[in-house]
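I opened this model to see how its chains are built and where they meet. My notes follow in the order I looked things up.

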Amino acid sequence: MAHRYKPDLTWDDVTPKEIYLNRRQIMMGSGALLGAGLLGTQARAAEDAWDLTPNTFEEITSYNNFYEFGTGKDDPARHAGQMTTTPWSIEIDGMVDNPGTYSFEQIMEGMTVEERIYRLRCVERWSMVVPWNGFELADLLNRVGVQDGARYVAFETLARPEEMPGLRVPVIEWPYREGLRLDEAMHPLTIMATGIYGEPMPNQNGAPIRLVVPWKYGYKSIKSIVRITLTDEQPVTAWNTYSAQEYGFYSNVNPNRPHPRWSQAEERRIGGGLFSARMPTLMFNGYEEEVASLYDGMDLLEFH
Amino acid sequence: MSEITQTSKPGRPLKDSINGALRRVPPWTLYMVGAAWGGWLFYLAATGGLGVEPIEALEHRYGEIALQLLVAGLAVTPIRQRVGINLMPFRRAIGVLTFAFVLAHFLVWAVLDVQRVSAMWADILERPYVTIGMAGFLALIPLGLTSNNWSVRKLGAASWRKLHKLAYPAAVLGALHYVWLAKGFQIEPLVYLFAVLGLLALRIRRPAARVAR
């Protein structure tokens with residue numbers, strides 16, 4: 001069931017590694033001159049909300065929210081290196097035909113890894129475009145056999161205090177938990193990502209395996225997954241537990257539903273420099289055509 | 001400067017030598033350091049030195065420095081009264097720099113971050129953390145404008161001091177502004193809030209110790 005989604009751009013549109021590394025060197029060189037920020041702005045002047053030109057590997061791996069390593073944007077890049085990702089296993093349990101603890105290698109067996117270039121919209125009003133490598137979550141769920149009556153999928157992130165300094169502070173309830181409705185989980189856009197730019201998933205981005213749900217705010221795309229549970233009840237999720245009014249279970253990107261503390265109508269694409277313009281946020285993060293039917297008849301302001 | 005010795009007990013050479021050293025530092029050096037610091041951060045932001053999201057980074061850095069300076073300004077009097085170290089000559093510079101960094105924080109927010117007047121108004125009216133931040137900024141404007149000898153003479157020392165008590169609500173609003181915008185339970189914003197409240201509490205408990213300048 002792989003390849004169910006055809007993105008607007010193909011892998012051929014991704015900047016080859018030599019060039020993006022080279023571009024970074026040019027930027028760093030010009031950084032010695034005042035006004036280099038303006039160069040970045042010019043390079044992206046034509047950018048609009050639909051633009052799917054991927055962010056650089058540097059941008060994607062240096063600006064992260066992974067609170068297990070600290071709440072600063074650079075904390076994950078600094079501290080996530082200590083996380084042991086081999087060996088890795090995921091416990092798959094609940095309403096499945098073949099529950100058990102699956103090693104990373106067992107999970108990857110028979111999975112078709114594709115390249116998916118997706119927009120990523122953070123609830124904090126910034127966005128990126130990331131060239132992920134991953135497989136459709138539906139393929140994994142079908143392999144373990146979802147039982148009749150299962151309606152939701154719950155996910156859990158690793159919580160290993162000796163490798164995750166951020167766990168010392170109860171920013172939210174650990175371990176980090178997320179969840180999807182089963183039809184959202186089975187949707188062709190929903191992937192389990194194992195890499196970026198053809199490289200294995202960097203630790204700060206959720207190594208070795210994470211969820212990516214591109215039409216939802218970034219925090220739904222849970223990182224470094226150690227447990228997947230099929231259930232008939234709506235799962236408890238981390239941010240929803242912290243503040244249900246601010247972080248709904250669905251958390252679909254919706255410019256019409258402001259976060260109680262800030263508007264969600266606009267966003268800023270990372271990489272535009274100090275003089276970067278804001279761009280409008282798109283309904284379902286630009287994936288309305290693909291996913292709107294999942295929510296037919298639902299009040300998206302109430303079920304946010 | 002006669003009050004320097006007001007709380008001193010006999011024979012504290014360390015304190016005295018600190019005060020002696022401080023007297024040799026001209027307050028204008030603080031303005032130089034502050035201006036260089038703010039300019040350097042802007043340069044870093046423009047050249048990639050503050051990471052891939054320089055607008056947010058610069059906005060937060062300026063705001064955080066403003067909060068640190070607010071705390072420093074509020075600490076001057078308690079330190080003099082309780083520790084005996086006299087930072088009075090630097091208090092105006094600390095205050096003016098506080099205002100400068102709050103202004104820089106506001107300008108980065110308005111010009112680089114929000115970018116549109118209509119969106120600024122919407123934020124100020126609808127988002128409480130922006131509302132209180134803006135209120136704190138407004139409270140500091142008269143202080144910034146009157147931080148000069150001419151204004152002190154014009155207003156008279158008593159009413160000038162009364163006016164400059166606006167620094168107290170401004171500090172509380174600034175700290176609340178930071179606490180309110182944090183995502184999840186975070187310690188750092190609370191540290192600033194408790195520092196501000198603690199320094200204000202010291203003033204409440206010792207009304208008699210208020211010494212005329």
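**Chain A, overview.** I counted nine helices and twelve strands in chain A. Both are DSSP runs numbered from the N terminus: helices are H or I with at least four residues, strands are E with at least two. The model is predicted, so I noted that local features need pLDDT of at least 70, side-chain atom pairs count only at pLDDT 80 or more, and totals for chains, interfaces and linings use all residues. Residues are numbered from 1 along each chain as its sequence is written, while chains are lettered from A and ligands numbered from 1 in the order in which they are written.

Chain A has 304 residues, and 42% of them are buried. Buried means that 20 or more other C-beta atoms lie within 10 Å of the residue's own; exposed means 12 or fewer, and partly exposed is in between, with C-beta atoms placed from the backbone. Next I looked up contacts, meaning two residues whose C-beta atoms, placed from the backbone, lie within 7 Å. Of the chain A contacts with a separation of 6 or more, 71% join residues 24 or more positions apart.

**The sheet.** I found an open sheet of five strands in chain A, in the order β2-β1-β10-β5-β6, with mixed pairing. Two strands pair if DSSP finds at least two bridges between them. At the edges I found β2 (100-103) and β6 (177-181) of chain A, each pairing on one side only. I then followed β1 (residues 89-94) of chain A, which runs antiparallel to β2(A) and is joined to that strand by four bridges. Opposite A:Ile92 I found A:Gly100, in β2(A).

**One residue.** Is A:Ile117 buried, exposed or partly exposed? A:Ile117 counts as partly exposed because it has 19 C-beta neighbours inside 10 Å. I placed A:Ile117 in strand β3 (residues 114-121) of chain A. A:Leu52 is 65 residues away along the chain, yet the two C-alpha atoms are separated by 7.3 Å.

**Where the chains meet.** How many residues of chain A are in contact with chain B? I noted 30 from chain A, against 20 residues of chain B. On the chain A side, α2 (36-43) and α3 (57-62) are the elements that give two or more residues.

**A helix in chain B.** Helix α4 (residues 88-114) of chain B has 27 residues. Just after α4(B), B:Gln115 takes a positive phi of about 75°.

Definitions and conventions:
The expected span of a helix is 1.5 Å times one less than its number of residues.
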